[in-house]
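Let's take a walk through this one together. Have the sequence and the model open side by side as you read.

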Amino acid sequence: MRKRTAAAVVLIAASLVAATAAARSVHSTAPKEVTAPTKLTVWAGWSAGHELKVFKAVVAEYDRKHPEVAINVVGGIDDNKIVAAIRSGTAPDVVSSFNSYNVGNYCGSGGWIDLAPLLKKDNIDASMFPPAPRYYTQYEGKRCALPLLADDYGLYYNKKLFKAAGITHPPRTMSELAADAKKLTVRDKSGNIKIAGFDPVVGFYENTPDRWIQAFGAKWLNAKGNSAIGSDPGWAKWAKWMKSLIDWYGYDKLVRFQAQPIDEFTPSQAFETGKLAMNFDGEWRVAFIHNEHPDLDYGTAPMPVDDAHPDLYGSGYINGTIIGIPRGVKHQDQAWALVKYLTTADHPLAVLSNGLRNVPTTQSSLNSKEIVPDAHFSTFLKIFAHPKSGTSPILASGQAYTNSVQRFFQQWQAGKVKDLNAGLKSLAKQLDAQVAQAKGGGGVP
Amino acid sequence: MSQQVVAGTAGASAPAVPLRTAARRRADWRRRRLVLLLMSPWIAGFSVFFGYPLVMSAYLSFNHYDLLSPPRWVGWANYHYLLRVDPQTWVAVRNTVWIICVAVPLQVLFAFGIALLLARAKSGAGFFRTVFYLPALAPPVAATLGFVYILNPATGPLNTILGKLGIQGPLWFQSPHWSKPALVGLGLWGIGNTMVIFLAAVLDVPQHLYESDELDGAGPLQRLRWVTLPSVSPVILFAVVLGVIQGLQYFTQAYVAASIASGQASQAGDTLNALGYPEDSTLFYPVLLYQHGFNDFQMGYASSMAMLLLLVSFAVTLVIVLNSRKWVHQAVPR
């Protein structure tokens, strides 16, 4: 009996020890307390089907590698929505915009937070971005944005139409461009344009003064920071060249040509359908053609330049998508980690560049081995890296500045400006007044 | 109660008057409370959606306000820039005056003319009234899109038909000379609401006036001049005032037509500015106001434009109403 009692005690004791051990074991293998991932929202401007898909895929990859965040990407966002959201305190964690012209507004007002302390904390030097994107992501020294891929502009030409017209190489000067445009143009019996060699009308597709003037080497601002449009002869030279070609076509004929259903971001775009033999366009068109008209036989080249400035050949105009963190952000650390990844790491920039055929925006990603070689696209990488490539000024009046310039040249091309030089001088005064007004000075520079 | 006690001590006949006064006051107060209660939804709506924005617009018009920074007082600087510096102001004013001077008389004449014809229709009146009213039901954006499509110079059905007749049609919304007339055409097409009001007024003219005119030997034109026009003149005044105010606020059709005709309403964040296309011919005052406020983020400046528009609307309406005493028939002699 005593033996049985002793055995029972040992058994119970052993059971208790085993149970305790088991309990310890269960406790030690149980998962740690899981915290819910932080929800981040990213706003992007991309709306075209394939473009938004590519951006979402890159963000999703980051999302998978970072279980601490769950990211939602919203496309089709413009600056109006961004400003409205910041004002109402409902801004997302990360915002991006196609419109680098408005950086002055975002940085100057504090609508996008200053990224300098965050860059400093993580030892990131802004010189990792080439000069043009480094410039258009700050305003008066305040950096509230970083570049997320760049756009630059060059010449697209239809090889089949070139061959039929006996043209052997893309034009390198403005004289050659005008001559080729005339050779390539086909009209019907009434003189209406069936195939335009080149359409120089300002406002058509990507034809804006800021992109054109790069080829004439003209300056935007003088040493005092005032408009140089009235004093730099390059502006008048471009205006006369453009007007001369428009007059050869007939302004009304070009307008009638443009009135066809050839919208820029649709598969019926005129260059893609062979109605336009040469076109001034951004690097993204390579991806559009690949997706919409893969059989199109075409080539890309730098934009022809002023005959008097052959040294500019190979350069081009650069601007691009900007990304930042809006004021009032709820998850700043996580938002910054994502912005840092998207803008400074080679991998996401290379993947985005491959998918969107936009130019990657760090010195190092430009040479990334991940970038899929493409003869059409490599032209734009070279333009981006050219030392004489440039961008337009970032000023307090934002896009209104370049719109005013565009409005003037649209009047000029339509024959509404009688005295070009006087008109340019008046435009320069107007632009200075506009900047002063945007700073709150009532238009008195 | 205390009032009654105090009043009662003053004399025998005195209490009756204060008692009645107090009761009347209470009744008045109750009535006022009821009126306030019944009006409260309107008062709330008016205060939130009209009163507050109006006061804030007036305040912001004296500020530099970019929507993101706090407003900063700049005095009359915005008004100075608006009236003395901004070259677009007078372009927009000219376009707005043009649309008012051309579209309003045409719309009044057209609506009145259709109403006269419909009033005389012997058969199918209901059908024709519906046909002429139907376009007014189309939303302005959809109607404008339809017009831009129909008037497309290269592929639109109108120019295609003209082409088959050997006529090269105009560039319509792509031409600075034709864009405003095309918008007037769009306005005439959708004149149904005004037309219905005119029709009611024409049908309301007392028949005995026509009969007595006929007995006096008046012909159709004389009956129109001396009977119909005086009778419907209050409606003409209404249509003119409404048309002028709508002209001063002309926005949606111009915005949509310019965006679509320019072919630039495509990607988010487009850097090209289509407003006013072509060549600022559709840059009306409200379009410019929108551009400064929401594209250029200069809300203080846009507010000064809005305040000026308010003053001009008020002044123009006042002039029309004062002037109307000379030509609007008064039903009750003063």
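Predicted model: local features only at pLDDT ≥ 70, side-chain atom pairs only at ≥ 80, totals over all residues.

Residues are numbered from 1 along each chain as its sequence is written, chains are lettered from A and ligands numbered from 1 in the order in which they are written, and side-chain values use heavy atoms, with hydrogens and water left out.

Start with the interface. Chain B puts 47 residues into the contact and chain A puts in 54, where contact means heavy atoms within 4.5 Å. Together they bury about 4,100 Å², with 48% of that on carbon and sulfur atoms; buried area is the accessible area (1.4 Å probe) that two parts lose on being put together, summed over both.

Glu279(B) and Lys416(A) form a salt bridge through their side chains, at 2.3 Å, N to O.

Which helix gives the largest share of the side of chain B that touches chain A? That is α3(B), with five residues. Helices here are DSSP runs (H or I, at least four residues), numbered from the N terminus.

Finally, look at Thr194(B), which sits in helix α9 (residues 192-203) of chain B. Beyond its neighbours within four places in sequence, Thr194(B) contacts Ala111(B) and Ala239(B).

Technical notes: Salt bridge = Lys/Arg side-chain N within 4 Å of Asp/Glu carboxyl O. Helix = DSSP H or I, 4+ residues; strand = E, 2+ residues; numbered from the N terminus.
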